[in-house]
Amino acid sequence: MLQVEQLKKSFDGFQAISDANLLVPKGEVVAVIGPNGAGKSTLFNLITGHLQADSGHIRFQGKEITSMAPYKICHRGMARSFQLINIFSSLTVFENVQASVIAKHRLDQNFFRPAKKLFIEETLEILDSFELFDFKDRSCSALSYGDQKVLEIAIALGSKPELLLLDEPTAGMSSEETRRIVNLIKHLSREKGLTILLTEHDMELVFDVAQKIMVLHQGKTIAQGLPQDIRNDKSVQNAYLGE
Ligand code: ADP
Ligand code: MG
């Protein structure tokens, strides 16, 4: 589904990503782990086109997408959430998801078929599956932090992605809210067949949901493989898990 090779990115001489490598197989949940500042969010921004790589390659479903514009990458079937919540706070919950559904159809050039123009059914369906239906007419700023994070994932799903990137989806959440996100990730993976790439600082959660783990340390991939292999990897223990 996704292949990252020898990716590099620096900011004013600071090498944030020095050698990132990643293979995300179709249908799996893959986690990128690493300490704060390891470059996880930067890697996501490179994959989704929000940042341009200095060198290296990113391939999505076999096609080169390195340095492609974010909306084009999204149109090819990739969607994401951000580490800091990214929603239209002045719009209602319904309008936020609807905007994403409309944008997707617009890119597919279905937009001007009048009967479908507002995509109300499709939007309501997504809200329902995310347990946001009852809040649909509320302003987003009135939602709890946990519901806003769930809404952000619902917005991402509005573009009908095949690959979903979640940057620290449970950061700042209570244990109950975290459980909701874990169940959601499992549901999207198992029931909807989505491929999911996430970053997470909660190791228990990572070992619970991920089929594969990549370890990023100071911008470099130091290991990737099955969770049990990562747990037993000496270089990973030294660099990260033992901290
Ligand atoms: P993580 O998500 O793993 O915590 P980040 O990708 O956010 O790490 O950051 C990796 C490093 O790159 C950090 O040292 C951070 O300060 C730096 N960095 C990230 N974005 C920028 C930027 N836009 N300009 C300068 N430095 C940045
Ligand atoms: Mg980050």
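Student: Which residues of helix 5 are buried?
Tutor: Helices (H or I, at least four residues) and strands (E, at least two) are DSSP runs numbered from the N terminus. A residue is buried if 20 or more other C-beta atoms, placed from the backbone, lie within 10 Å of its own, exposed if 12 or fewer, and partly exposed in between. In helix 5 the buried residues are Asp 147, Lys 149, Val 150, Leu 151, Glu 152, Ile 153, Ala 154, Ile 155, Ala 156 and Leu 157.

Student: How many of the residues of helix 5 are buried?
Tutor: This is a predicted model, in which local features need pLDDT of at least 70 and side-chain atom pairs count only at pLDDT 80 or more, while totals for chains, interfaces and linings use all residues. Residues are numbered from 1 along each chain as its sequence is written, and chains are lettered from A and ligands numbered from 1 in the order in which they are written. Helix 5 is mostly covered, the buried count being 10 of 13.

Student: Which residue is the bridge partner of Ala 31 in strand 9?
Tutor: Two strands pair if DSSP finds at least two bridges between them. Strand 3 (residues 29-33) and strand 9 (residues 212-217) run parallel and share four bridges. The partner of Ala 31 is Ile 213.

Student: Which residue takes a positive phi in the hairpin of strand 9 and strand 10?
Tutor: Strand 9 and strand 10 (residues 220-225) run antiparallel, joined by five bridges. Two residues lie between these strands, and a phi near 50° belongs to Gln 218.

Student: Is Asp 12 buried or exposed?
Tutor: Most residues other than glycine have a negative phi. Asp 12 has a positive phi near 45° and sits in the loop between strand 1 (2-11) and strand 2 (14-24). With 4 other C-beta atoms within 10 Å, Asp 12 is exposed.

Student: Which element gives the largest share of the shell around ligand 1?
Tutor: A residue is near a molecule if its C-beta atom, placed from the backbone, lies within 6 Å of it. The residues surrounding ligand 1 include Phe 11, Phe 14, Lys 40 and Ser 41. Strand 2 and helix 1 (40-47) each give two or more residues. The largest share, three residues, comes from helix 1.
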